[in-house]
Amino acid sequence: MNIKIYNSLTNQIEDFHPVRPQEVSIYVCGPTVYNDIHIGNARPVVFFDTVARFFKYLGYNVKMVSNFTDIDDKIITKAQELKVSETEVAKYYIEEFLRINDLLGVEPLLARPKVTEYMDAIINYIKIMIDKGAAYQSGTDVYFRISSIPDYGLLSNQKMEELEVGSRIEVDASKEDPRDFVLWKQTDEGIMWDSPFGKGRPGWHTECVVMVEAIFQGEIDIHGGGNDLKFPHHENEIAQALAVSNHTIAKYWVHNARIDLSGEKMSKSTGNVVWAKDVLQKYSGNVVRLMMLNNHYRQTILFKEELLERSVIEFDKIERSYLSLYRTLELNEGFDDAGSHPLMNEFLSFMADDFSTPNAITVLFQLMKEINIAIRTQETYHKLNQYFTAFQGMLYILGIHVDVTPLSDTDKSLVRAWQGAREMKDFQQADLLRAEIAKRGIKLS
Ligand SMILES: [Zn+2]
């Protein structure tokens, strides 16, 4: 299957050719664990899980990694406020993040590395950059030397001149060039590590590039994250990888758009925010996934409660259709390996078209429409099984889970007796049996 991906590095749709055949390596920047995540932060979680599921469905060996930034000034501030250690703050928000991931139906990753576990590798990486002339120590800090990378600005498409002083970069006397960024910061406050450059902490941009290198040892297929990470974070990750390994970390850089609230960027500091945990208390992970995947990942979602309400109705339809097909098969000839319905290929081709989940979901609803007709018109069980295989495949890729309890033999006899009574138009008996079915908590559709 020819897969096309929009590569943020080239601003083009490109054919996907993995670095290693039949394998897909993915690194997604994870959260800085000093606070709860908002619903916009959950978008890359859902989107990249869907990407991983799609590749797995196609038979690729998917190696996905997402990190925790467990040291940061914000974590230190929070720890001081709460009078606890940085480790305790990080531990709490990591657990909370993982709980949200579970609620969203995210599949296990290859690894979830923490920055604090990679300190030796980070220090070593900075040493290499200094040796190569791509970094220098000045005052108390170590900086990356932007001028050592002629291609700087590749990802964010910013020309050198546009990145000059004055825009968003503050002038700092200890830097050779205002665009140079911190690799190691000496400090005498908060958690710190010994290094040849003094006691301190690493800069954020070095952490991710080091974890990718340590885990994958070389160029990977996909580096992902939210759009707002493009500059400076991802641009600076690339600059370091170019300096040390002469590659851009990943062949394909994939960025998802934001979820905005009241026409503005969500921000924890201004309070213009909807917390993921609040949404997930009210709505299931299925509903939240549908709401997000109803939009193409490169499109900004304008958050409204109505979007979730619409997805509640959608999930209800999915659940009923799935259940009625499941029960039909279960009560009759059962499940067999009948191959998949052709609509599955249509679904996959939309997924292969730069992960066009809204179109793929339209195919899912088309499938459900056909299923409902097929059940009514008593299609062959072979055909119904093909529908069922396709249905399962689509739900797997979207990460939508329908909970079905298989019927016991007693349940089956009861349901068959009810169906028989209805056919004989013995409505009194049918009502009695229906009540018994309901009492036993059997969901039919
Ligand atoms: Zn990162």
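Helices (H or I, at least four residues) and strands (E, at least two) are DSSP runs, numbered from the N terminus. Residues are numbered from 1 along each chain as its sequence is written. You are looking at a predicted model, in which local features need pLDDT of at least 70 and side-chain atom pairs count only at pLDDT 80 or more, while totals for chains, interfaces and linings use all residues.

**Stop 1**

Start by selecting Asn246, in the loop between H6 and strand E10 (250-256). Colour by phi if your viewer can: Asn246 has a positive value of about 60°, although it is not a glycine. Is Asn246 buried or exposed? It counts as exposed, because it has 8 C-beta neighbours inside 10 Å. The scale behind that: a residue is buried if 20 or more other C-beta atoms lie within 10 Å of its own, exposed if 12 or fewer, and partly exposed in between, with C-beta atoms placed from the backbone.

Now step back into H6 (residues 230-245), where you'll find Pro232. Check the peptide bond from Phe231 to Pro232: it is cis, with omega near 0°.

**Stop 2**

Jump to Gln378, in the loop between H11 and H12. Here is another residue other than glycine with a positive phi, this one near 55°. Gln378 has 10 C-beta neighbours inside 10 Å, so it counts as exposed.

Carry on into helix H12 (residues 381-398) and pick Gln392. With 17 other C-beta atoms within 10 Å, Gln392 is partly exposed. Draw a distance to Trp253, 139 residues away along the chain: the C-alpha atoms are separated by 30 Å.

**Stop 3**

Select strand E5 (residues 135-138) and strand E6 (residues 141-144), which pair in the antiparallel sense over four bridges. Pairing here means that DSSP finds at least two bridges between two strands. Show Tyr136 and you'll see its bridge partner in E6, Tyr143. Ala135, meanwhile, stands opposite Phe144 in E6. Two residues sit between the strands of this hairpin, and Gly139 takes a positive phi near 60°.

Zoom out to get the open sheet of four strands, in the order E5-E6-E7-E8 with antiparallel pairing. E5 and strand E8 (200-202) are the edges, each with a single partner strand, so one side of each has no neighbour in the sheet. From one strand to the next, the twist averages 15°; axes are lines fitted to C-alpha atoms, for helices over the stretch in contact, and angles run from 0 to 180 degrees between N-to-C directions.

Stay in strand E6 and select Val142. Val142 is buried, with 27 other C-beta atoms within 10 Å. What does Val142 touch, not counting residues up to four places away in sequence? The list is Ile126, Ala135, Gln137, Leu183, Trp184 and Phe197. A contact means that two C-beta atoms, placed from the backbone, lie within 7 Å.

**Stop 4: the core**

Next, the largest nonpolar core, with 113 residues. A nonpolar core is a set of buried Ala, Val, Leu, Ile, Met, Phe, Trp, Tyr and Cys residues joined through C-beta atoms within 7 Å. Ile26, Phe144, Leu183, Phe347, Leu367, Phe391 and Met394 touch the most other members. Helix H1 (residues 42-57) gives the most to this core, with nine residues.

Centre on Ile26: leaving aside neighbours within four places in sequence, its contacts include Phe48, Ala52, Val62 and Met64.

**Stop 5**

Select helix H10 (residues 343-351) and highlight its buried residues, Leu343, Met344, Phe347, Leu348 and Met351. They cover an arc of only 145° around the axis, so they are on the same side of H10; the arc is that of the directions from the helix axis to the C-beta atoms. These buried residues pack against H1, helix H11 (357-376) and H12.

Then pick helix H8 (residues 285-293), where nine of the nine residues are buried, so H8 is largely enclosed by the rest of the structure. Arg289 and Asn286 are among the buried residues of H8.

**Last stop: the domains**

Finally, colour domain 1 (4-256) and domain 2 (409-439), bounds that come from an automatic or database domain assignment. Their centres, taken over C-alpha atoms, are 60 Å apart.
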